[in-house]
Amino acid sequence: MNWFKKNPKEAAMLIVCVAIFIIMAILSPDVFLTSNNISSMMFQIPEFGILALGMMVVILTGGINLSLTFVASVSGIIMALVMRDMGAAGYDPAGCIIAALLLGFAMAMGLGLLNGFLVAKMQVSPILATLGTSMLYEGIGLNLTEGSAISISQFADNFGMIGNGQVGVIPISMFIFIGIAIFAYFLFERTPWGVRLHMLGSNPIAVNYSGINVGKMLFQVYLISALFCFLATLIMTARYNSMKVDYGNSYMMQAILATVMGGTSINGGYGKVGGTVLAVITIQLLSSGLNIFGMNRFFVDMVMGAILIGVLAINFVYGKVQSHNLLKSARAS
Amino acid sequence: MKKTLVLIVCAVFAITMALTGCSTASTSDTTAESSAPAESSAAESSAPAESAAAESSAPAESAAADDTASDTTAASDSDITVVVMPKLIGIPYFNASETGAKKCAEDYGFNLIYTGPTEADATQQVKMIEDFIAQGVDAIAIAPNDPAGITPTLKKATDAGIAVIDWDTAAEKDAVLYSVHQIDDQEYGESVWGAVLEGMGDATDYAILTGGLEAANLNGWIDYGEAYKEENYPDKVLVQDKIPTNESQQEAYSKTLDLMKAYPDVKGIICMSTPTVPGAGQALQELGLQNELTVIGSGMPNDSAPYLKDGSVTASYLWDVENLGYLAAYVAYMCATDQPLEDNLTIDAFDSPIQIKEDGKTVILGAPLIITGENVDDYDY
């Protein structure tokens, strides 16, 4: 009960998540509750979950990263190109993969640096800076690929395992996601850096006067966001055995949705990794569950919207109740 | 305790919204008509439960919705479930193919799920296919947004014993049992070129507008058409290399204006890709060149109707999109029930038999559908 009181927003998300799971399970126990379906959902969660965490860290500072999916796809394109061309030139597969990982990582960091530079040094508002870079990155990706997919199907048995392999019923990518979520939890919520991150979101001016280098912090935030993009694209490239500039495009808005649904304040300063992860799971449960019922995708979008509004409403009502109670207790004393 | 109660009430409210959405939507996706009234009554019965106490409403709702689910399955005529997935839903082209696919499901009595992403994103298609693999459907017909990216998932589906075919756009050849094509590329190219070059009469100059220089299907048509021209109309002159329009009507419009300024003697325009047809029509209409030129391309009836009617565009060579959806569902159903397909296959709903190419995989819908100013209103897409 104590945890519920301390984390009302996350608690609301947990209740919704569990409720949706139970309802789906009651409605179609023979399909929804099968190990097949559970494992299929676990395959779908990691790439989206990691992107959502990459969005969350930026939103925590009160910013937003609209170039998220293009940072991911451009660094994925670099990886796919390196693997395809080195593979064709007859290099050892392990060598190709390592080179691809290094170059893809470097690319993601480069793109993240540009975002960080614009926001931290040029003081462009994050929404404009990343809107600009998202177009720039899309253009880079289109130029590199000429709009088509870069296929690396010859790496399906080794590199592809990152996205398609599984241990028992649990996908390898799920382990990666769990690892990243734990890493994010400690980094955002259990380190001095994490405390500064939250402070930066609630009051950047106060943070500046308290002797923290705001510019450096912002740089780091956009780099971490790019790091998460790289990890997400690693899974995506492996899962689809190819990369294209618009892969994962639709995760852009969904990542913002998951972050806000998970209780993170869109103005920054408050947000829990657990909430975002729960929101990601909830969205996946809904998407898979409703798909199983053969529901029209437009209704799925409507339901997602309704759930988001519902969660926001719960948070609003709870906030009112809480401040009312505070006021009462203050008057009583 | 009060706070917890508030939380629960809100949660139940949110879930009720989700469920109401659920029961309305399933009507649109099942072939069974009889389930519709049962569903609406189920949805109604859950409505009063909303206002009841939070604790008691939860089981009542799920019971009502449970009825809904069993109704939909009980009313189906067969155990075969076929998924037909377009590139995206909610555009006229794929709405028309949905009509056809549904007709096929009625004719042959199987469950049809016609659904796709709301954006043309390959990752969303992969997600949905994975859900259908988990659900254990019998066949999937997919119009892939990206052939390469979807291959691992299609292989997964095949491994799970699901019959996989593609339609509208080809997937990778090894990944599918059959590939349903709207048109035979060679036949299409030759008939469009033949019609334009013939329609020009003695004039020699013609031009080609294309969606983009990279589009494989458009380039295929153009290559076949040009080869046909070399052989049969060697005296005709292509005034300029094929002109890319970036799949945009606006660009096709301005490029046509430029073209007519640079080459006023052009008497034939071939428009490959759908937006180029209304684009060229708009330009010629503005220049007052109705009925002066022979303009033929793959235009969508609704977009091109005004230009077809006033003669800015001569004709649109397309295919019957409804029949395409019908054929996709039909082939998928045949695969799901292990019935072999034969060349010159006759389907009751179609006028002409269906051809299968020598590779035994490519199923061709038939000859191009010629849409002119007279019959354009018969096609609503």
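A:Ala184 counts as buried because its relative accessibility is 0%; buried denotes under 20% relative accessible area, exposed over 50%, and partly exposed in between (1.4 Å probe, protein chains only). This is a predicted model, in which local features need pLDDT of at least 70 and side-chain atom pairs count only at pLDDT 80 or more, while totals for chains, interfaces and linings use all residues. Residues are numbered from 1 along each chain as its sequence is written, chains are lettered from A, and side-chain values use heavy atoms, without hydrogens and water.

A:Ala184 belongs to helix α9 (residues 172-189) of chain A; helices (H or I, at least four residues) and strands (E, at least two) are DSSP runs numbered from the N terminus. Apart from neighbours within four places in sequence, A:Ala184 is in contact (heavy atoms within 4.5 Å) with A:Leu53, A:Glu189, A:Phe228 and A:Val273. Its C-alpha atom is separated by 9.5 Å from that of A:Gly54, 130 residues apart along the chain.

Helix α9(A) also contributes four residues, the largest share, to a nonpolar patch. Among the members of this surface patch are A:Phe175, A:Ile178 and A:Ile170. A:Ile170 lies in strand β3 (residues 170-171) of chain A and is partly exposed because its relative accessibility is 31%. Patches comprise residues with over 30% relative accessible area and no salt bridge, with like charges joined within 9 Å and nonpolar side chains (Val, Leu, Ile, Met, Phe, Trp, Tyr) within 5 Å; a salt bridge places a side-chain nitrogen of Lys or Arg within 4 Å of a carboxyl oxygen of Asp or Glu.

In chain B, B:Gln124 is found in helix α5 (residues 122-135).

Terms used. Areas by Shrake-Rupley, 256 points an atom, 1.4 Å probe, with all protein chains shown as cover.
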